[in-house]
Amino acid sequence: MIKLSGIRKSYGRNEVLKGIDLTVEKGEVVAILGPSGSGKTTLLRCINYLEKPSDGEIRIGDFTLDCRRAGKKDIRALRLRSAMVFQQYNLFSHKTALENVTEGLIVVKKMNKEEARKRGIRLLEKVGLGAKLDAYPSQLSGGQQQRVGIARALALEPEVILFDEPTSALDPELVGEVLDVIRRIAKEGITMIIVTHEMGFAQDVAGHVVFMDGGMIVEEGRPSELFGNPKEERTKQFLKRIAPEPSYSI
Ligand SMILES: Nc1ncnc2c1ncn2[C@@H]1O[C@H](COP(=O)(O)OP(=O)(O)OP(=O)(O)O)[C@@H](O)[C@H]1O
Ligand SMILES: [Mg+2]
């Protein structure tokens, strides 16, 4: 289980997260929606401590971190439990697909090279890239690079994977292949938090949807409730602006 309690984050005088409370059950897929600037990326980055929250508590499984007191050891422990998939992939450009996946296993998990290689190959096969092990990011399409990013996150066997708009940098024809991979791993029961603008996908894959605005959670619930019968005016306005995406179908 993941439990965020009172997460706050300020940049100077600008408070961009105003006390976020969120519980995600093990194996659950949560989609986070909200307008630009509402704090979605900042929240994901805080969960992985790429940004230091100003206040609050992060619990992942049996590990709890108090953001006001966290030391290096705590941050390391937290990062071992969560992995991030970035909007812009963030692969090492001078490393092959396989090396991108095995790097964290060798450096962070101290796995031996042969074992890391085996796991890397297995995961790249799983995301449909068994034929691209030795390709460099510049030789891969955006969709393929993002699938390497997903394999890299899976490799660390985190308790939760955090996706920040994983398809928004992609050409439309490449979106489906990445969403298909995410949907497939979601079925395996991996806990996921996904920031996405793909409403059809969110409706389809997420068991729980969260709408954020102005650094707060305005409304959350099951997809059928939130999309079908939103209660808050701000949610209604937002959903009206973002028409359901007919582009993604099963
Ligand atoms: N490093 C930073 N320094 C100062 N302000 C920042 C920084 N990062 C984000 N912000 C501010 O925090 C607010 C929330 O930004 P964030 O990137 O989390 O929004 P978002 O919901 O992910 O938006 P988008 O949908 O455009 O990705 C914005 O007002 C942004 O300008
Ligand atoms: Mg963002």
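## Helices, sheet and loops in a predicted model

Helix H1, which spans residues 40–47, is mostly covered, since 6 of its 8 residues are buried.

- The buried residues of H1 are Lys 40, Thr 42, Leu 43, Leu 44, Cys 46 and Ile 47.
- H1 is followed by Tyr 49, whose phi is positive, near 60°, and this is a positive value in a residue other than glycine.
- Tyr 49 belongs to the loop that lies between H1 and strand E4 (55–60), and with a relative accessible area of 6% Tyr 49 counts as buried, because the cut-off for that word is under 20%.

**The sheet and the helices against it**

- An open sheet is formed by 4 strands, which follow one another in the order E2-E1-E4-E5 with antiparallel pairing.
- Strand E2 (14–24) and strand E5 (63–66) stand at the edges, and each has a single partner strand, so one side of each is left without a neighbour in the sheet.
- From one strand to the next, the twist averages 15°.
- Strand E1 (residues 2–11) and E4 run antiparallel and are joined by 5 bridges; Lys 3, for example, has Arg 59 as its bridge partner in E4.
- Helix H2 (residues 72–81) lies across E4 and E5, and runs at about 130° to E5.

**Helices H4 and H5**

- The axes of helix H4 (residues 113–126) and helix H5 (residues 142–155) come within 9 Å of each other and cross at roughly 135°, which means that H4 is oblique to H5.
- The crossing in which H4 passes H5 is right-handed.
- On the H4 side the contact is made by Arg 119, Leu 123 and Leu 124, while on the H5 side it is made by Val 148, Ala 151, Leu 154 and Ala 155.
- The residues of this contact of H4 with H5 divide into 6 nonpolar, no polar and 1 charged.

- Glu 157 lies in the loop between H5 and strand E7 (160–164), and its phi is near 45°, a positive value in a residue other than glycine.
- Glu 157 is exposed, with a relative accessible area of 52%, whereas Tyr 49 is buried.

Key: Residues numbered from 1 in each chain as written. Chains lettered and ligands numbered in written order. Predicted model: local features only at pLDDT ≥ 70, side-chain atom pairs only at ≥ 80, totals over all residues. Heavy atoms only, no water. Axes fitted to C-alpha atoms, helices over the stretch in contact; angles between N-to-C directions. Helix = DSSP H or I, 4+ residues; strand = E, 2+ residues; numbered from the N terminus. Parallel < 35°, antiparallel > 145°, perpendicular 65-115°, else oblique. Left-handed = near helix turned anticlockwise from the far one by under 90°. Contact = heavy atoms within 4.5 Å. Nonpolar A, V, L, I, M, F, W, Y, C, P; charged D, E, K, R; others polar. Buried < 20%, exposed > 50% of the residue type's maximum accessible area, 1.4 Å probe, protein only. Pairing = 2+ DSSP bridges.
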